[in-house]
Structures are given as C-alpha cells and as structure tokens.
Amino acid sequence: MEYKVVPFVASIDPKKGSSAHVANQLQEIIKHHSGQGWKYVRLESVSTFIRPDNGCFGFGAKPGYNTSRQMIVFTK
C-alpha cells in the first residue's frame, strides 16, 4: 500500500469568502488526486515547533512558537 500526503492551505477573500469556499478547495484537491488513482483517507493536523531565531548579534531575535499545518492523506 502506498501513501501520499499533500499540504492543504485554504485561501479565501476575507470580504467575500466563506467556509463553503474552503470546502470547495478541499474537494477540488481530492477530485484531482482521485483522478490519478489515489483514494482520500483523511485530513490530518500536524503540530510543529518553529525554532527561535537568534538574529544577528541578538538584533531581530524571534522566539520559537508552535504552529499547526493541515495535511491531506491519500492511499493507493
């Protein structure tokens, strides 16, 4: 069995966008990969720690932080 993981970052116009727009984007990605023989499994959230950036000699230093990314999992 093969697996394929594709990042999913929805983008909508803040003035006109809605959750339906996000659903349509996800649906189009699933349709695209289904057409290539992949079967949708699930949408997975992956937590990641972004390491701190010490900057140059301490100037512009940025603290580390946690973030979350959405990944679409397919199988074949």
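Predicted model: local features only at pLDDT ≥ 70, side-chain atom pairs only at ≥ 80, totals over all residues.
Trainee: How many salt bridges does the structure hold?

Mentor: A salt bridge is a side-chain nitrogen of Lys or Arg within 4 Å of a carboxyl oxygen of Asp or Glu. The structure holds two. Glu-28 forms one with Lys-31, their closest N and O atoms being 3.8 Å apart. Both residues lie in helix H1, and because they are three residues apart there, about one helical turn separates them. Glu-44 forms a salt bridge with Arg-42, with the closest N and O atoms 2.6 Å apart. Glu-44 is partly exposed at 31%, and Arg-42 is partly exposed at 44%.

Trainee: Which strands does E3 join by bridges?

Mentor: Helices (H or I, at least four residues) and strands (E, at least two) are DSSP runs, numbered from the N terminus. Two strands pair if DSSP finds at least two bridges between them. Strand E3 (residues 65-75) is joined to E1 (residues 3-8) by six bridges, and the two run antiparallel. Tyr-3 has Thr-75 of E3 as its bridge partner. E3 is also joined to E2 (residues 39-50) by 11 bridges, again antiparallel. On that side, Thr-48 has Thr-67 of E3 as its bridge partner.

Trainee: How many aromatic pairs are there?

Mentor: A pair of aromatic rings is described by the distance of the centres and the angle of the planes. Rings of Phe, Tyr and Trp (its six-membered ring) pair if their centres lie within 6.5 Å; planes under 30 degrees apart are stacked, over 60 edge-to-face, and the rest tilted. The count here is one pair. Tyr-40 and Phe-74 are edge-to-face, at 6.2 Å centre to centre and 75 degrees between the planes. Tyr-40 is in E2 and Phe-74 in E3, so the pair ties together parts 34 residues apart in sequence. Tyr-40 is partly exposed at 31%, whereas Phe-74 is buried at 0%.

Trainee: Which residues make up the largest nonpolar core?

Mentor: A nonpolar core is a set of buried Ala, Val, Leu, Ile, Met, Phe, Trp, Tyr and Cys residues joined through side-chain atoms within 4.5 Å. The largest core has six residues: Val-6, Phe-8, Leu-26, Trp-38, Ile-72 and Phe-74. E1 and E3 are the elements that give two or more residues to this core.

Trainee: What does His-33 touch?

Mentor: Contact means heavy atoms within 4.5 Å. Not counting residues up to four places away in sequence, His-33 touches Lys-4, Val-6, Trp-38 and Phe-74. His-33 is in helix H1 and is buried, at 9%.

Trainee: Where does Asp-53 lie?

Mentor: Asp-53 lies in the loop between E2 and E3. Asp-53 is partly exposed at 43%. Leaving aside neighbours within four places in sequence, Asp-53 is in contact with Gly-60, Ala-61 and Lys-62.

Note on methods: Residues numbered from 1 in each chain as written. Heavy atoms only, no water. Buried < 20%, exposed > 50% of the residue type's maximum accessible area, 1.4 Å probe, protein only.
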